[in-house]
Amino acid sequence: MFKVNEYFDGNVKSVAFNTSECPATIGVMAAGEYEFGTATIEYMTVTSGILHVLLPGETTWKSYEPFSTFIVAKGVKFRVKAEGDVSYLCLYK
């Protein structure tokens, strides 16, 4: 069945599920800046809004619009900034 996750005092929420290929979450985040850690490689696709991302080892924030994807390595932390509500799909591989 589905698992509901809530982070950062409810400002980020997601629902976990399994695809035919791998585990996944679909989620939303309110405007704000957040730091996440990874346990697996994550393929994160923005589905609405604009998400600014600072990946490990990078010094420049990159912006991702709807239907663009970025990949985060396993075992690292990364930062994101949302200026407004953002929705996303994350695949864990």
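Asn5 is buried, at a relative accessible area of 10%. Buried means under 20% relative accessible area, exposed over 50%, and partly exposed in between, with a 1.4 Å probe and protein chains only. This is a predicted model: local features need pLDDT of at least 70, side-chain atom pairs count only at pLDDT 80 or more, and totals for chains, interfaces and linings use all residues. Residues are numbered from 1 along each chain as its sequence is written, and side-chain values use heavy atoms, with hydrogens and water left out.

Asn5 belongs to strand β1. Strands (E, at least two residues) and helices (H or I, at least four) are DSSP runs, numbered from the N terminus. Leaving aside neighbours within four places in sequence, Asn5 is in contact with Val12, Lys13, Ser14, Ala16 and Thr25. Contact means heavy atoms within 4.5 Å.

The loop between β1 and β2 (12–18) holds Phe8. Asp9 is placed in the loop between β1 and β2. Most residues other than glycine have a negative phi. Phe8 has a positive phi, near 50°. Asp9, also not a glycine, has a positive phi of about 55°. Phe8 is partly exposed, with a relative accessible area of 34%. Asp9 counts as exposed, at 82% relative accessibility.

Next, the aromatic residues. Rings of Phe, Tyr and Trp (its six-membered ring) pair if their centres lie within 6.5 Å; planes under 30 degrees apart count as stacked, over 60 as edge-to-face and the rest as tilted. The count comes to five aromatic pairs. One of them joins Phe70 and Phe78: the ring centres are 6.2 Å apart and the planes stand at 70°, so the pair is edge-to-face. Phe70 is buried at 3% relative accessible area. Phe78 is buried too, at 2%. One aromatic cluster is formed by Phe8, Tyr34, Phe36, Tyr64, Phe70 and Phe78.

Glu65 lies in the loop between β7 (62–64) and β8 (69–72). Its C-alpha atom is 6.2 Å from that of Val46, 19 residues apart along the chain. Beyond neighbours within four places in sequence, Glu65 is in contact with Val46, Gly49 and Ile50.

The largest pocket holds about 240 Å³ of space. Its lining has 15 residues, and Tyr7, Phe36, Gly37, Glu42 and Tyr92 are the closest to the centre. Two or more lining residues come from each of β1 (3–7), β3 (23–29), β4 (32–37), β5 (42–48) and β10 (86–92). The largest share, three residues, comes from β10. By type, the lining divides into nine nonpolar, five polar and one charged. Here Ala, Val, Leu, Ile, Met, Phe, Trp, Tyr, Cys and Pro count as nonpolar, Asp, Glu, Lys and Arg as charged, and the others, Gly among them, as polar. On a 1 Å grid over the protein atoms alone, a pocket is an open set of points where a 1.4 Å probe fits, with protein on both sides within 12 Å along at least five of seven lines; lining residues have an atom within 4 Å of a point. A volume is the space filled by probe spheres set on the points.
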